[in-house]
Amino acid sequence: MSELLHISGGPTKPEIIAVSLSKLDLSEGCTFYDIGCGTGAVSIAASKLARNIKFTAIDARQEAIEVAEKNFKNFGLDCVKLIHGESSEVLEQLPPEKKIDCAFVGGTKNIGAILKSLVKHEAGSIIVNAVRIETVVSVINQMKELGIFDTITNISISRGYPITGETMFKPENPVYMISGKYSNIQGDKKC
């Protein structure tokens, strides 16, 4: 198996990815947007959960695009549309009829515009991961205003490390996972 290439600030930890993707409820053939894709780790993990996913990965950082492109190639994920640009602007330029089934938001710059665009494109399921309390409050409030707020989960991971021949646990930064569902606006819609 290939080794995932890293950049500063990433990738999202595997345990966080697993919980995030379980909440998105991916299904065969869905359209999946990886917003603030970083290394592409979330898209790579998602590709193992359902077949024929239509991937779009967006990041504003050139370094992230280059690393994600290499990771996608190394992991045999050749069906990703990789876009270099500010996520809120990229989403705003999508045709109005373009539907998004699932969206993972790993970067929260311009989150208000991102969420509005996701609602406009009827994103069935949205996960926003954040580490700053102010961002968490902002995302919850904006999701509530848009009528899509579903749940929030705090996830804390600790990893075992050897110390003097024994094991101790060292905590990772906790992550807040905020879930939004378009079905909260209109009927039942699943990814």
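Predicted model: local features only at pLDDT ≥ 70, side-chain atom pairs only at ≥ 80, totals over all residues.
Residues are numbered from 1 along each chain as its sequence is written. Local features need pLDDT of at least 70, side-chain atom pairs count only at pLDDT 80 or more, and totals for chains, interfaces and linings use all residues, while side-chain values use heavy atoms, with hydrogens and water left out.

In an unreviewed entry, UniProt lists residues 27–117 as "domain: Methyltransferase". UniProt positions are given in the numbering used here, feature names are shortened, and annotations may be inferred rather than shown by experiment. Helices (H or I, at least four residues) and strands (E, at least two) are DSSP runs, numbered from the N terminus.

The UniProt annotation "binding site", also from an unreviewed entry, covers T12, G36, C37, G38, T39, G40 and D59. These residues span 48 residues in sequence, yet no two of their C-alpha atoms are more than 14.2 Å apart, so they gather at one spot. G38 is found in the loop between β1 and α2 (41–46), and D59 is found in strand β2. G38 counts as buried at 8% relative accessibility, and D59 counts as buried at 4%; buried means under 20% relative accessible area, exposed over 50% and partly exposed in between (1.4 Å probe, protein chains only).

The structure holds 1 aromatic pair. F32 and F55 form this edge-to-face pair, with 5.7 Å from centre to centre and 80° between the planes. The pair links distant parts of the chain, since F32 lies in strand β1 (residues 31–35) and F55 in strand β2 (residues 54–59), 23 residues apart. Rings of Phe, Tyr and Trp (its six-membered ring) pair if their centres lie within 6.5 Å; planes under 30 degrees apart count as stacked, over 60 as edge-to-face and the rest as tilted. F32 is buried at 0% relative accessibility, and F55 is buried at 4%.

Charged groups also meet rings. The charged end of K144 sits over the ring of F149, 5.5 Å from its centre, and K170 lies over the face of Y161, at 5.6 Å from the ring centre. The criterion is that NZ of Lys or CZ of Arg is within 6 Å of the ring centre and within 35 degrees of the ring normal.
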